[in-house]
Amino acid sequence: VSQPVNVTVTGAAGQIGYALLFRIASGQLLGADTPVRLRLLEVPQAVKAAEGTAMELDDCAFPLLAGIDIHDDATAAFDGANVALLVGARPRAAGMERGDLLSANGGIFGPQGAAINAGAASDVRVLVVGNPANTNAWIAAQHAPDVPADRFTAMTRLDHNRALAQLAARTGSTLEDIRRVAIWGNHSATQYPDLTHATIGFRPALEVVDDEAWVRDTFIPTVAKRGAAIIEARGASSAASAANAAIDHVHTWVHGTPEGDWTSAGVVSDGSYGVPEGLVSSFPVTSSGGEWRIVPDLDVDDFSRERIDASVAELVEEREAVRSLGLV
Ligand code: NDP
């Protein structure tokens, strides 16, 4: 058995944290041979709740759980971190302006990026879940000049999984038959869930669906607005499915994508597909050897071009707003 991997989770006492920690400790994040040490970060007023969760983790007697530390200080929490899951964020409150939201999150993700820069392990891999996830990841990366920028990622795997589920339900196909669905742009209502390259059992998905209006007027808005639909139905925002997607994202990052398929993740743009270099945008990506690679040379039709550009424009605006607020 190998040395424990340090996994730092912020917002550990929140809803997503509660759905996430038990799965990490049971081995679903890194695999059944890899012991983990959990480092939980919370704001001071939520430390007691995090201690309660830690008691429950103890009570599961997970063989792979090598220990749990709880912190209210980012520098301590990220010290030696190999994997960092940045879940805690300032939620948008009623009447809050976008600038206020960005300011509040800049105040969280800037210092966390600096703490990662100061003390995380040299192989650190960061996934930002807390919203606005893409821009929060960008802010953190700006504060971590010594960490390769490609170690900072934002979660769009939940959007990707939602797209898979919608397509499977519509076509009556099994999930194993569906490949090459993609999410582009921002993890927000402007995201572009793209079926133009998708296949179902090696047939083009658009041919199987055979209904352009469904794709445009039902599939895309259903995926993009699924979060709001869950709040409406459940009376609380999605948490278990978000935690599941975080597990999927890191698992794929570490273990790779299957041959012939890809997934979606918010990664630092290298300028591909006209997405300005440096922005954290969702792309179709493959993973191997612990590194993401943007899928190259895809044809982008006019409709897709328009949708990608609109979502990327929102990311550019968020970046400009963060800059003008002096957050980076
Ligand atoms: P959740 O655990 O439900 O959500 C945490 C974050 O994940 C939110 O920003 C939320 O964004 C985001 N998120 C991303 N994708 C999804 C999705 N698909 N569904 C739902 N949420 C998604 O929030 P809680 O309020 O329950 O818990 C947050 C915890 O974070 C609290 O315990 C708080 O104390 C802590 N916190 C910790 C900080 C730190 O460690 N320094 C800093 C700030 C907060 P959205 O709001 O848009 O749904």
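This is a predicted model: local features need pLDDT of at least 70, side-chain atom pairs count only at pLDDT 80 or more; totals for chains, interfaces and linings use all residues.
In total, 27 residues surround the ligand, and the closest of them are Gly 11, Gly 14, Ile 16, Gly 88 and Ala 89. If we sort the shell by class, we find 14 nonpolar residues, eleven polar ones and two charged ones. Which element gives the largest share of the shell? That is helix H1, residues 15–25, with three residues.

Let me move to strand S4, residues 83–86, where I would like to look at the two faces separately. In general, the side chains of a regular strand alternate between the two faces of the sheet. In S4, Val 83 and Leu 85 lie on one side, Ala 84 and Leu 86 lie on the other, and all four are buried, so that both faces of the strand are covered. S4 is joined to strand S1, residues 5–10, by four bridges, and the two strands run parallel; within that pairing, Thr 8 has Ala 84 as its bridge partner. S4 also pairs with strand S5, residues 125–128, again in the parallel sense and over four bridges, and here Val 83 stands opposite Arg 125.

The peptide bond from Asn 131 to Pro 132 is cis, with omega near -5°, and Pro 132 is found in the loop between S5 and helix H5, 133–142.

Two further residues deserve a careful look for their phi angles. Asp 210 is not a glycine, yet has a positive phi of about 50°, and it lies in the loop between helix H7, 205–209, and helix H8, 212–224. Tyr 273, also a residue other than glycine, has a positive phi near 55°, and its place is in the loop between strand S12, 263–268, and strand S13, 280–288. Are these two residues buried or exposed? Asp 210 counts as exposed because it has 11 C-beta neighbours inside 10 Å, where the cut-off for exposed is 12 or fewer. Tyr 273 counts as buried because it has 21 such neighbours inside 10 Å, where the cut-off for buried is 20 or more.

I come now to a residue that carries an annotation. The UniProt record, which is an unreviewed entry, gives "active site" for His 187. In the model, His 187 lies in the loop between strand S8, 182–184, and strand S9, 192–194, and it is buried, because 30 other C-beta atoms lie within 10 Å.

Three strands form an open sheet in the order S7-S10-S11, with antiparallel pairing. Its edge strands are S7, 178–179, and S11, 203–204, since each of them pairs on one side only. S10, residues 199–200, pairs with S11 over two bridges in the antiparallel sense, and in that pairing Thr 199 stands opposite Pro 204.

Technical notes. Residues are numbered from 1 along each chain as its sequence is written. A residue is near a molecule or strand if its C-beta atom, placed from the backbone, lies within 6 Å of it. Ala, Val, Leu, Ile, Met, Phe, Trp, Tyr, Cys and Pro count as nonpolar, Asp, Glu, Lys and Arg as charged, and the others, Gly among them, as polar. Two strands pair if DSSP finds at least two bridges between them. UniProt positions are given in the numbering used here, feature names are shortened, and annotations may be inferred rather than shown by experiment.
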